[in-house]
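Subject: Structure handover

Hello,

Here is the structure for your files. My notes follow below it.

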Amino acid sequence: MYDKMRAKLEKVVPDVELRIKAEIAVEINALKAERNAVILGHNYMEPALFYSIPDFVGDSLDLSRKAAQTDKDVIVFCGVRFMAETAKLLNPTKTVLLPSEKAGCSLAASITAQDVRDLKARFPGVPVVTYVNTYADVKAESDICCTSSNAMAVVESLKSDKVIFLPDEYLGGNVAREMGWNIIFPDALTPQPPLPITGEGGNALTPQPPLPITGEGGMMIGWRGRCEVHEKFTVNDIQTVRAQFPDVAVLSHPECSPDVTAASDFSGSTNAMIKFVKESKAPQYLVLTECAMGDNIAAANPEKDMLRLCMVRCPHMNTITMEDTLSALKLNRYVIEVPEDIRVRAARSVQRMIEIG
Ligand code: 13P
Ligand code: SF4
């Protein structure tokens, strides 16, 4: 195991750490076999984990598909909670484990099921597309899910000129621009007055009237959720690097702002960016996404020149360690559960997405 990991990670992980991680990986793999488990690893896992224990690595869509296909008894998800939940939606009878209780996501935390119900009341009959970076109760209120790699295909599949797209403001903006649609945000249309507090019988909530939808082309109704990692990248960052390396290929994730993706040479899901670097012949690469993925790409492409802009690590992905993955298998933790009524409705939204491709 040490030799296998060293071949990939010699330049990325210090030797002393590699030896320790290789020992943990051997233990994890033995337990994995004993428990008939599969380990799914998102592209944002730290390099030692990424290149040792997962049976499959990939982006959100890829891993949802792998989760749907597995015949193992236990699924260990080295990613964040919404990803493990998605695996559970598709595999109700299997045990799904998330190695850290703290692996959340700022996008998933930005919206509740009640928010979706309120939007549906304000825009009656408009289909709801929900990014997979949401929790099961939000997916359950939606018509269909999408990921960063299929968002446009999902919106197009609805054959509607109006769509509620939740909760990523930037992914929504990027998809709308690509499709030549407008995007509106309900909060910008009608500033909400502060709610009067009556004291007697609780808050006086005034139901919002349906909003008029205008516009010639398609119309997207967005939400102000953001990824706390990708919102940090700016056009100025790109210009600074281009000034020094004029031929650099700049890649950005669609969770970056539309200004940043417009200033990039390529924007796509984590898998799409990995593929781009592998196949392109640019002299240097700047990948505007979570930084562990930059290390993983560098390890897979030692002959390519990867520029480091800064160290923006997703604090949630960062809580998933090999040590905790070992404990997850040993102690059967943390078990993902979803109430059955929510699971059935949420699974339908995910399944509809998977069927699109
Ligand atoms: P991908 O679907 O591109 O893997 O993205 C998931 C994610 O959380 C990016 O921040
Ligand atoms: Fe969520 Fe952003 Fe972390 Fe992805 S990188 S899991 S979108 S907080």
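Five strands form an open sheet with parallel pairing, in the order 6-5-7-9-8. Strands here are DSSP E runs of at least two residues, helices are H or I runs of at least four, and both are numbered from the N terminus. Two strands pair if DSSP finds at least two bridges between them. Strand 6 (144–146) and strand 8 (182–184) stand at the edges; each has a single partner strand, so one side of each lacks a neighbour in the sheet. Neighbouring strands of this sheet are turned by 30° against each other on average, direction ignored. Axes are lines fitted to C-alpha atoms, for helices over the stretch in contact, and angles run from 0 to 180 degrees between N-to-C directions.

This is a predicted model: local features need pLDDT of at least 70, side-chain atom pairs count only at pLDDT 80 or more, and totals for chains, interfaces and linings use all residues. Residues are numbered from 1 along each chain as its sequence is written, chains are lettered from A and ligands numbered from 1 in the order in which they are written, and side-chain values use heavy atoms, without hydrogens and water.

Strand 5 (residues 128–131) pairs with strand 7 (residues 162–166) in the parallel sense over 3 bridges. Val129 stands opposite Phe165 in strand 7. Helix 6 (residues 113–122) lies across strand 5, strand 7 and strand 9 (219–221). Its direction runs at about 165° to strand 7. Contact means heavy atoms within 4.5 Å.

A further open sheet has 4 strands, ordered 11-10-12-13, with parallel pairing. Strand 11 (266–267) and strand 13 (306–307) stand at the edges, each with a single partner strand, so one side of each has no neighbour in the sheet. Strand 10 (residues 249–252) and strand 11 pair over 2 bridges. Leu251 has Phe266 of strand 11 as its bridge partner. Helix 13 (residues 270–279) packs on the sheet and touches strand 10, strand 11, strand 12 (285–288) and strand 13.

Now the backbone details.
- The Leu166 to Pro167 peptide bond is cis, with omega near -15°. Pro167 is in the loop between strand 7 and helix 9 (169–179).
- The Arg333 to Tyr334 peptide bond is also cis, with omega near -10°. Tyr334 is in the loop between helix 15 (322–331) and helix 16 (340–356).
- Asn36 has a positive phi, near 50°. Asn36 is in the loop between helix 2 (15–34) and strand 1 (37–42).

Best wishes
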